[in-house]
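Hi,

Here is the structure I promised to pass on.

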Amino acid sequence: MSWTFRNTNTTDAKSVLQRELQAAGVPSFAMVSWEQDTMLVKIDKGGKSEFKLTLQSSGTDVRFVETKRDVALFHKPFVGKVESFVDSILSRAGAAKA
């Protein structure tokens, strides 16, 4: 998974993402945190899954790239829903899917 924020920097892209996540509300089974420019999404219900997505500068743009995906067996049927939720948040934040 990869998205591009046009004509911005990592600080501004992160701020927009945080604002959109707060407005949309993160599902109760998921926990979102940040380590510098990496967003961690952890799901700890019926197994443990983790996704990491990192903001990376690319000229005048910022790419938001999946850098890790570790999905528990019982979570595999729901991966598409998680991807749709993330895509929706990023679209509202102004990112284009790459």
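A quick definition before anything else: I call a residue buried when its relative accessible area is under 20%, exposed when it is over 50%, and partly exposed in between, using a 1.4 Å probe and counting protein chains only. Please keep in mind that this is a predicted model, so local features need a pLDDT of at least 70 and side-chain atom pairs count only at pLDDT 80 or more, while totals for chains, interfaces and linings use all residues. Residues are numbered from 1 along each chain as its sequence is written, and side-chain values use heavy atoms, with hydrogens and water left out.

**The overall picture**

The protein has two helices and six strands. Both kinds of element are DSSP runs numbered from the N terminus: helices are H or I with at least four residues, strands are E with at least two. Read from the N terminus, the order is β-α-β-β-β-β-α-β. The radius of gyration is 13 Å, close to the 13 Å that the globule rule gives for 98 residues, so the protein is as compact as a globular protein of that length. (That radius is taken over C-alpha atoms, and the rule is 2.2 Å times the number of residues to the power 0.38.) Along the principal axes, the C-alpha atoms fill a box of roughly 40 × 25 × 20 Å.

Of the 98 residues, 38% are buried. The protein exposes about 5800 Å², and carbon and sulfur atoms supply 50% of that; the areas come from the Shrake-Rupley method with a 1.4 Å probe, and for residues only the protein chains shown count as cover. As for contacts, meaning heavy atoms within 4.5 Å, residues 24 or more positions apart account for 52% of those with a separation of 6 or more.

**The sheet and the helices**

The six strands make an open, antiparallel sheet in the order β2-β3-β4-β5-β1-β6. I count two strands as paired if DSSP finds at least two bridges between them. β2 and β6 (96-97) are at the edges with a single partner strand each, so one side of each has no neighbour in the sheet.

β2 and β3 pair in the antiparallel sense over six bridges. Within that pairing, A30 has I43 of β3 as its bridge partner, and V32 stands opposite V41 in β3.

Both helices lie across the strands. α2 lies across β1, β3, β4, β5 and β6, and runs at about 5° to β1. Those angles go from 0 to 180 degrees between N-to-C directions, with axes as lines fitted to C-alpha atoms, for helices over the stretch in contact.

**The core**

The largest nonpolar core has 22 residues, and W3, F5, L17, L55, F64 and L90 have the most contacts inside it. β1, α1, β3, β4 (48-58), β5 (61-70) and α2 (79-92) each supply at least two of its residues, with α2 giving the most, at five. By nonpolar core I mean a set of buried Ala, Val, Leu, Ile, Met, Phe, Trp, Tyr and Cys residues joined through side-chain atoms within 4.5 Å. Leaving aside neighbours within four places in sequence, L90 is in contact with W3, F5, L17, F64 and A95.

D61 sits in strand β5 and is buried, with a relative accessible area of 14%. Beyond its neighbours within four places in sequence, D61 contacts T4, F5, R6, N7, T8 and Q56.

T10 is in helix α1 and also counts as buried, at 14% relative accessibility. Not counting residues up to four places away in sequence, T10 touches D37, L55, Q56, S57 and V62.

Most residues other than glycine have a negative phi. N7 lies in the loop between β1 (2-5) and α1 (10-24), and counts as exposed because its relative accessibility is 65%.

Q36 also has a positive phi, near 50°. The hairpin of β2 and β3 has two residues between the strands, with Q36 in the turn. At 69% relative accessibility, Q36 counts as exposed.

Best wishes
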